[in-house]
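Welcome! Here is a short tour for anyone meeting this structure for the first time.

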Amino acid sequence: MSYIKAGQDANGNDIKLHYTDQGTGQPVVLIHGWPQTHEAWNYQLGELPKHGLRVVAYTRRGFGNSTKPFEGYDYDTLADDLKAVLDELDLQNVTLVGFSMGGGEVARYMSRHGGARVAKVVFVSAVTPFLLKTDDNPDGVDKSVFEGMTEQMKDDRFGFLQAFGKDFYGVSTLSNPVSQAVLDWSFNMGSLGSQQATLGCAKAFAETDFRRDLETISVPALVIHGDDDKTVPIKNSGDRMNQHLKHATYVTYDGAPHGLFITEKDKLNRDLVEFATSGTVRSDENR
């Protein structure tokens, strides 16, 4: 396994991030969602390198085979971890792709580190611009929703993860867009996370305001969101991105759930390749 050092924990032990590095060419860095690992990008890691792209994906601290410190699950620290990846591999002119929680890392990295080494950004099913309902964010999600999630995870995290996976991929009595094997695979990834990381990251993506971070981004940007996303509803996220990232290209996937890296893998791969190589994506009628 390959690891990148990303600082130390409170006891002075090295924090190591598990990563994979595939292909050659223009670099693309994939940042996974909560509560998974970089293995979630299975179909992107298998396709993007075929198109002259070097694809790097790493697992966030606290999850999978990365180090699981007790602390450090705020977005400033997670953005610093991303910087460690880019610096260690000396990547330049990167296309940063953040899925769900990973979109927050993209936004915070761009403001906190001045967009160093980055040429383009992509937000896929992202938690940006700000999920929590507050006085100055009336279109957000009520705090009680996140409090309920936290209580369920404290009581039975594994039971929560199994139920969460069904909404994540849009599985219901009348709809089965993924197999039971995919649900099991996704659950297994989530179960490898530590309790502290799972709770800490949930708090971070629920409560972090990325609106000012987004307004610092000047590089080409692409926003992709499924209009049937039950996990990060499009009305609270994708539909609001252009308020703070006015130059972004916004693409919606009709009928797509949150986990569209699986359910819409061919379409997503096509759009990521096009954007990484040319900076544009085809119009809806030609996609």
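## His38 and its surroundings

In this predicted model, the side chains of His38 and Thr59 make a polar contact at 2.7 Å. His38 sits in the loop that runs between β3 (26–31) and α1 (42–45). Is His38 buried or exposed? Its relative accessible area is 2%, so His38 counts as buried, the limit being under 20%.

Who else is around? Apart from its neighbours within four places in sequence, His38 is in contact with His18, Tyr19, Thr20, His32, Leu45, Ala57, Tyr58 and Thr59. Leu161 is 123 residues away from His38 in sequence, and 17 Å separates them in space, C-alpha to C-alpha.

## The nonpolar core

Now for the largest nonpolar core, which has 95 residues. The members that touch the most others are Val29, Trp34, Leu96, Val121, Phe123 and Phe205. Helix α4 (residues 143–169) supplies the largest share of this core, with 8 residues. In soluble globular proteins, nonpolar side chains tend to be buried together.

Not counting residues up to four places away in sequence, Trp34 touches Arg60, Thr198 and a number of others, including Met149, Met153, Phe160, Phe164, Phe168 and Phe205.

## The largest pocket

How much space lies in the largest pocket? The volume is about 390 Å³. Of the 21 residues lining this pocket, Met149, Phe164, Lys230, Thr231 and Val232 are the closest to its centre.

By type, the lining has 15 nonpolar, 4 polar and 2 charged residues.

Methods
Residues are numbered from 1 along each chain as its sequence is written. This is a predicted model: local features need pLDDT of at least 70, side-chain atom pairs count only at pLDDT 80 or more; totals for chains, interfaces and linings use all residues. Side-chain values use heavy atoms; hydrogens and water are left out. A nonpolar core is a set of buried Ala, Val, Leu, Ile, Met, Phe, Trp, Tyr and Cys residues joined through side-chain atoms within 4.5 Å. Buried means under 20% relative accessible area, exposed over 50%, partly exposed in between (1.4 Å probe, protein chains only). Helices (H or I, at least four residues) and strands (E, at least two) are DSSP runs, numbered from the N terminus. Contact means heavy atoms within 4.5 Å. A polar contact is a pair of N or O atoms within 3.5 Å; within protein, one must be able to donate a hydrogen and the other to accept it, and residues adjacent in sequence count only if both atoms are side-chain atoms. On a 1 Å grid over the protein atoms alone, a cavity is a set of points where a 1.4 Å probe fits but cannot get out, and a pocket is an open set with protein on both sides within 12 Å along at least five of seven lines; lining residues have an atom within 4 Å of a point. Grid points are joined across faces, edges and corners, and a volume is the space filled by probe spheres set on the points. Ala, Val, Leu, Ile, Met, Phe, Trp, Tyr, Cys and Pro count as nonpolar, Asp, Glu, Lys and Arg as charged, and the others, Gly among them, as polar.
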